[in-house]
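Please look over the chain shown below before reading on. The briefing that follows begins with the chain as a whole and then turns to a few individual residues.

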Amino acid sequence: MSEPNLATVDQTLSNKLSIIPLSGRPIFPGIFTPLMINSIDDTNVVETAAASDGLIGVVMTKNDVDSPSASDLHAVGTAARIVKKINLPDGGVNIFISTIKRFKIRKVLSEKAPIVALVEYLEDEEDDTFEVKALTRALLSEMKEISENNPLFSEEMRLNIVNIDHPGKVADFIASILNVEKDDQQRILEMQNVRQRMEQVLVFIKKEQELLRIQKRIQNEINDRIEKSQRDYFLREELKAIKEELGMAVDAKSSDYQKFKEKLDAFNFEGEIKEAVDSELEKFALMDPNSSEYMISRNYLETIAALPWGEPAPEEYDLQKAKKILESDHYGLEDVKKRIIEYLAVRRLKKDSKGSIILLVGPPGVGKTSVGRSIANAMNKPFFRFSVGGMRDEAEIKGHRRTYIGAMPGKIIQGLKITKSKSPVFLIDEIDKMGSSYQGDPASALLEVLDPEQNVAFRDHYLDLPFDASEILFILTANSFDSIPEPLLDRAEIINLSGYIDQEKVEIAKKYLIPRSLERNGLKKSQIKYTKDILLLIANSYARESGVRNFEKNLDKIHRKIATELLTSEDYLSAETDEARNAVLAAKRELTAEDIKKFLGNPVFDEEEIKKADRPGTAIGLAWTSMGGDTLIIEAVALAGKEGFKLTGQMGDVMKESAEIALSWSRRYAIEKNWCTADWFDRNTVHLHIPEGATPKDGPSAGITMATTLLSLIRNKTIKPNLAMTGELSLTGQVLPIGGLKEKTVAAKRNKIKHIIIPKQNVRDLDDIPEHVRKGLTFHPVSRMEEVVDLVFGK
């Protein structure tokens with residue numbers, strides 16, 4: 001009797017399957033797994049299949065949808081047989097399935113649920129057996145490492161992996177238990193080639209291993225931190241017990257509290273300050289050191305404890321010594337030194353420093369900041385400087401309120417904290433350049449600080465306690481008065497610093513600038529020699545401004561180039577010993593005009609740039625700017641045609657009005673003197689121009705200069721050489737007084753002017769001009785424009 005032919009499981013699989021969509025991950029062949037069915041349609045599919053052959057198809061959806069159709073499914077899924085079915089009370093069903101084989105949907109028979117499709121079962125494509133065996137071993141080996149380090153892998157899973165005999169099934173089983181994305185699992189499910197499938201799974205295993213290594217490292221770090229934290233805790237507790245036994249402060253917080261209490265009690269505060277400090281100390285004692293408020297409170301108490309609350313030491317300084325310090329630190333500025341010594345003498349006699357504000361006004365580079373430092377040295381007081389140029393936030397002066405994170409006191413309280421003195425010297429630079437914005441007006445905030453009536457109880461926003469700032473000597477600096485608030489000017493003792501003439505620059509260079517620049521550039525005084533003529537050449541041709549800042553920059557430039565020449569010279573490079581090289585460096589060099597031109601280039605200014613009124617329709621005026629005094633040439637031409645008057649050169653409104661007055665007076669006077677006919681103005685357009693058109697100009701002091709220019713044009717006659725003038729002109733011909741005569745005189749001296757016409761009422765200001773500046777100049781005081789005409793044209 002022959003044996004019956006037994007059919008395999010694959011042969012009994014139907015090509016027509018009812019499909020159950022999977023919203024989670026795909027299910028691989030060879031897996032025994034539970035499946036929860038909640039949908040009514042899917043429950044009906046299960047019931048129908050369980051009543052027949054128990055076969056169903058499980059396919060993952062492309063996207064998560066509530067009621068998927070056939071178009072929402074992937075093309076490849078898995079055929080499964082229902083092994084057990086458990087009905088649930090809520091109408092759902094829980095089934096256990098045994099997955100059998102991959103299939104591919106060939107034709108959809110029912111698009112909507114229940115979905116029915118004709119399928120084609122997919123066979124594994126096996127390649128070279130040796131490579132597949134090697135991959136199988138690699139997969140088993142790597143999975144063994146993962147399973148040993150991952151507690152989620154049960155012993156049953158480990159056994160299942162070992163007992164699977166088919167390479168493709170090994171790959172499927174491992175892919176089903178790895179923590180990878182569902183789309184990646186679907187991609188593996190769709191792979192028929194066993195070798196490619198195993199290689200892809202091996203890649204995911206490697207990623208999982210790396211993830212486990214990182215996870216393990218993080219876990220170890222956390223464990224180490226926990227152990228260290230526990231160890232530190234026990235050690236701190238032990239240390240606390242030891243300190244208690246010895247009677248010492250138990251912790252840092254207690255130590256800080258004791259330190260602050262001792263410091264603050266020593267100040268013997270009273271009233272509002274005592275109440276506020278005691279309240280803050282009490283809060284500090286109750287705070288948790290780990291809270292953010294703890295550091296805020298600590299910083300606040302630290303600021304209070306660092307301030308000089310006690311009475312300042314009496315001022316002790318010798319006027320003769322102070323005079324010597326000022327003389328040694330500054331050349332010239334005799335009027336400034338005299339004013340400062342007078343100021344110090346009054347303070348010494350009065351023995352009261354309240355209400356002390358000095359305002360130093362002058363162009364850049366004349367030594368305002370260094371004068372302030374010298375005053376501090378002369379008075380043996382600590383010095384603190386800060387600039388308010390461009391400042392727009394009043395909190396920079398008065399501090400931030402403590403409600404803000406990162407709040408800090410203003411510059412005044414910071415300065416007191418740094419100097420540790422209640423009566424220091426504060427230099428506040430550039431007060432004419434303060435701005436204002438939506439954050440407040442720093443100039444108004446500064447008024448409270450400087451006002452002697454208010455700063456006795458100055459209240460910083462951060463400190464919020466009254467502090468006596470009246471002992472501070474405030475020195476302010478500015479380039480001009482224009483933008484300084486009037487109330488601030490009223491409170492200050494104003495000292496003007498005018499610019500330097502060439503001879504003064506030469507002496508300053510010899511005494512201060514050259515030694516300082518040589519040291520800065522690694523050279524010695526014995527190596528370089530400057531003659532007076534060379535220094536005058538630098539002052540006249542390269543640094544003709546009021547101050548000496550550019551002069552010093554040019555000296556630095558010369559010394560840098562000399563240092564480079566020395567170290568790159570043939571003599572130095574060919575020297576074989578240190579003595580020979582030092583001899584090359586020590587050789588003295590006297591600078592010549594050719595050297596200066598080589599080092600500094602062509603002159604920035606030359607003799608031709610000295611302003612000259614050497615043709616009809618020109619005259620030289622004197623002006624005052626924030627950069628110091630300056631000469632101003634004014635030009636006029638007549639254009640034939642119709643009557644008119646044209647002004648160019650960026651004149652301000654006041655200067656335009658002065659020009660109109662000058663034209664009206666000149667027209668009347670010229671006709672009266674028969675220098676022109678009445679119809680000359682009807683037939684000509686007069687064009688008045690001030691060169692350097694990019695620079696704004698304003699003020700009335702060019703009135704007589706513009707009138708002289710117009711008369712020179714009308715008469716077609718040049719004015720006398722080496723003559724300049726300044727003065728306001730009235731419509732009736734009066735010459736009115738002007739300001740800044742000292743600065744204007746210095747500018748005239750720099751420009752080789754010999755004669756200066758000034759208003760008669762300014763004669764009193766000549767005493768303020770040093771003798772060495774007046775030397776070589778002739779001043780012509782006038783009260784009427786007619787006198788100016790006689791002086792410039794001759795009688």
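What radius of gyration does the chain of 795 residues have, and what would a compact globule of that number of residues have? The chain has 48 Å, whereas a compact globule of 795 residues would have a radius of gyration near 28 Å; the radius is taken over C-alpha atoms, and the globule rule is 2.2 Å times the number of residues to the power 0.38. The model is a predicted one, in which local features need pLDDT of at least 70 and side-chain atom pairs count only at pLDDT 80 or more, while totals for chains, interfaces and linings use all residues. Residues are numbered from 1 along each chain as its sequence is written, and side-chain values use heavy atoms, with hydrogens and water left out.

**The chain as a whole**

- Taken along the principal axes, the box filled by the C-alpha atoms of the chain is roughly 160 × 90 × 75 Å.
- The chain has 28 helices and 24 strands, where helices (H or I, at least four residues) and strands (E, at least two) are DSSP runs numbered from the N terminus.
- Of the 795 residues in the chain, 45% are buried; buried means under 20% relative accessible area, exposed means over 50%, and partly exposed lies in between (1.4 Å probe, protein chains only).
- Among the contacts in the chain with a separation of 6 or more, 73% are between residues 24 or more positions apart, a contact being heavy atoms within 4.5 Å.
- The accessible surface of the chain is about 41600 Å², and carbon and sulfur atoms account for 50% of that surface; the areas come from the Shrake-Rupley method with a 1.4 Å probe, and for residues only the protein chains shown count as cover.
- There are 111 positive and 124 negative side chains in the chain, and the centres of these two sets lie 7 Å apart. Lys and Arg count as positive and Asp and Glu as negative, while His and the chain ends are not counted, and each charge is placed at NZ of Lys, CZ of Arg, CG of Asp or CD of Glu.

**T99 and its surroundings**

- T99 lies in strand 5, which covers residues 93-110, and counts as buried because its relative accessibility is 4%.
- The side chain of T99 reaches the backbone oxygen of F28 at 2.7 Å, and a polar atom of that side chain also lies 2.7 Å from the backbone nitrogen of I31.
- Leaving aside residues up to four places away in sequence, T99 touches I27, F28, P29, G30, I31, T78, A79 and A80.

- K417 is found in helix 14 (residues 411-419) and is partly exposed because its relative accessible area is 30%.
- K417 and P308 are 109 residues apart in sequence, yet their C-alpha atoms are 7.3 Å apart in space; not counting residues up to four places away in sequence, K417 touches T303, A306 and L307.
- Y294 belongs to helix 9 (residues 292-306) and is buried, with a relative accessible area of 6%, and its C-alpha atom is separated by 66 Å from that of G621, 327 residues away along the chain.

**Two asparagines with positive phi**

- Most residues other than glycine have a negative phi.
- N674, in the loop between helix 23 (653-672) and helix 24 (680-683), has a positive phi near 60 degrees and counts as exposed at 67% relative accessibility.
- N716, in the loop between helix 25 (703-715) and strand 20 (723-725), has a positive phi near 55 degrees and is exposed, with a relative accessible area of 60%.

Key:
Polar contact = N/O pair within 3.5 Å; in protein donor to acceptor, adjacent residues only side chain to side chain.
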